[in-house]
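Here's a quick briefing to read with the model open beside you. Have a look at the fold, then work through the topics one by one.

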Amino acid sequence: MARSLVRICNGFKRLGSLSSIPTQLSQQSASVSVRTTAVRSMVALQSLFSFKPRDFSLPNSSWGSEMMRLYEHYDSQCEVETEGGEKQEGPWQRLPSYNRSLKYATGGIYLSKMIQSKARLFTRNIRETGAAFEYVCFVNSEEQKCVCILQAGHLLEGPPGHVHGGAIATMIDTVTGTHATFLSGPVMTANLNINYRSPVPLGSTVVLESSLDKKEGRKTFITCKVTSSDGSKLHTETTALFLSVSVSHLLGA
C-alpha cells in the first residue's frame, strides 16, 4: 500500500514538474508526456483501489495443522505430473468460495442497493478469520464425490465446548448442496435427514464426505458423513434429496 502511494505521489510530482521541461522540446512532445504521465497515474490509482474478491477456500493464518495437512493432501491431487514430466489435471478439483451470492428476493423483486451491498453468504459473513466456518471443498468427478475440510471456530459453540448442531447441519446442507449443484446444475434442498452420532469438539477439524447415491429425473440423492480428521470417529450420517430447478425459479421470476 505504501509503495503504491509513493508511486502515485511521484506521478503527480512529475505532472507538476512539466513546466521545467527545456524550451527546445516541442509542444507536441510535452503534450505526449503529459498524457503518458496522466495514464500512469490513473493506472496506479486503479491498482490501488480496484477490488478483487477474496477466495475464502484458500489457507489463512487461522488454519491449524490438521486443516493444512488435509488441504495439502487433496490440493496435491488437483494437478499431477505425467511420466513425461508434464502437468495435467488430477482427480480432484478445489472449488473456490466467495462471500457474495445472488442478490434477488422471491417474487422477482430486486433488493435495494443498500441491502445488496450488505448481503453475504451465510457461512462466509464473519470477517474474523478462524472465528466460525473455515472450510474448503474438493470434488472428484470420476468418483462423483465431494470432500469438505471444516475447522469449527469459537463462534459456533452449542453445548459447552462443542459445535452447535445447527452449525453442523448448515455445513452438511452447504456441502451436499454444492455437490448436487456440481452434478445436476441449479438445485434446491427438498429433504435433509441428519443422525447425530457424536458431538464435534469446538475448534477441531472434521471431514465431510458427500457421495452421489442416485439420480432420478429432477431428483438427486446424496449421502454424507462427518468424521474426525483421521476418520476414526463418526460424528453424523446424513441423507439428502435435492430437486433440480431452473435459474428463473431461483430468481423468483
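Two residues are in contact when they have heavy atoms within 4.5 Å. Keep in mind that this is a predicted model, where local features need pLDDT of at least 70 and side-chain atom pairs count only at pLDDT 80 or more, while totals for chains, interfaces and linings use all residues. Residues are numbered from 1 along each chain as its sequence is written, and side-chain values use heavy atoms, with hydrogens and water left out.

**The overall picture**

- The protein has six helices and nine strands; both are DSSP runs numbered from the N terminus, with helices being H or I over at least four residues and strands being E over at least two.
- Of the 253 residues, 34% are buried. Buried means under 20% relative accessible area, exposed means over 50%, and partly exposed is in between, using a 1.4 Å probe and protein chains only.
- Take the contacts between residues at least 6 apart in sequence: 61% of them join residues at least 24 apart.

**Ser 97 and its surroundings**

- Ser 97 lies in the loop between β3 and α4 (113–118).
- Which residues does Ser 97 touch, leaving aside its neighbours within four places in sequence? They are Arg 54, Asp 55, Phe 56, Ser 57, Arg 124 and Tyr 135.
- Ser 97 and Arg 54 are 43 residues apart in sequence, but their C-alpha atoms are 8.3 Å apart in space.
- Ser 97 has 10% relative accessibility, so it counts as buried.
- Two of those contacts of Ser 97, Arg 124 and Tyr 135, also meet each other: the charged end of Arg 124 sits over the ring of Tyr 135, 3.6 Å from its centre. For a charge to sit over a ring, NZ of Lys or CZ of Arg must be within 6 Å of the ring centre and within 35 degrees of the ring normal.
- Elsewhere, Lys 214 lies over the face of Phe 221, at 5.0 Å from the ring centre.

**Aromatic rings**

- The structure holds five aromatic pairs. Rings of Phe, Tyr and Trp (its six-membered ring) pair if their centres lie within 6.5 Å; planes under 30 degrees apart are stacked, over 60 edge-to-face, and the rest tilted.
- One of them is Tyr 74 with Trp 92, an edge-to-face pair at 5.1 Å centre to centre and 75° between the planes.
- That pair links distant parts of the chain, 18 residues apart: Tyr 74 is in helix α3 (residues 65–75), and Trp 92 is in the loop between β2 (87–89) and β3 (93–95).
- Tyr 74 counts as buried because its relative accessibility is 14%, and Trp 92 is buried too, with a relative accessible area of 9%.
- Trp 63, Tyr 71, Tyr 74, Trp 92 and Phe 138 form one aromatic cluster.

**Strands side by side**

- Strands β4 (residues 133–140) and β5 run antiparallel, joined by eight bridges; two strands pair if DSSP finds at least two bridges between them.
- Phe 138, a member of the aromatic cluster, has Val 147 in β5 as its bridge partner.
- In the hairpin of β4 and β5, four residues lie between the strands, and Gln 144 takes a positive phi near 55°.
- β5 also pairs with strand β7 (residues 205–216), antiparallel over seven bridges, and here Val 147 has Glu 209 as its partner.
- Seven of the eight residues of β5 (residues 145–152) are buried.

**Cysteines**

- How many disulfides does a search of the whole structure find? The search finds zero, where a disulfide is a pair of cysteine sulfur atoms within 2.5 Å.
- Cys 137 is in no disulfide, and the nearest cysteine sulfur, that of Cys 148, is 3.9 Å away.
- Cys 137 counts as buried at 6% relative accessibility, and Cys 78 does at 17%.
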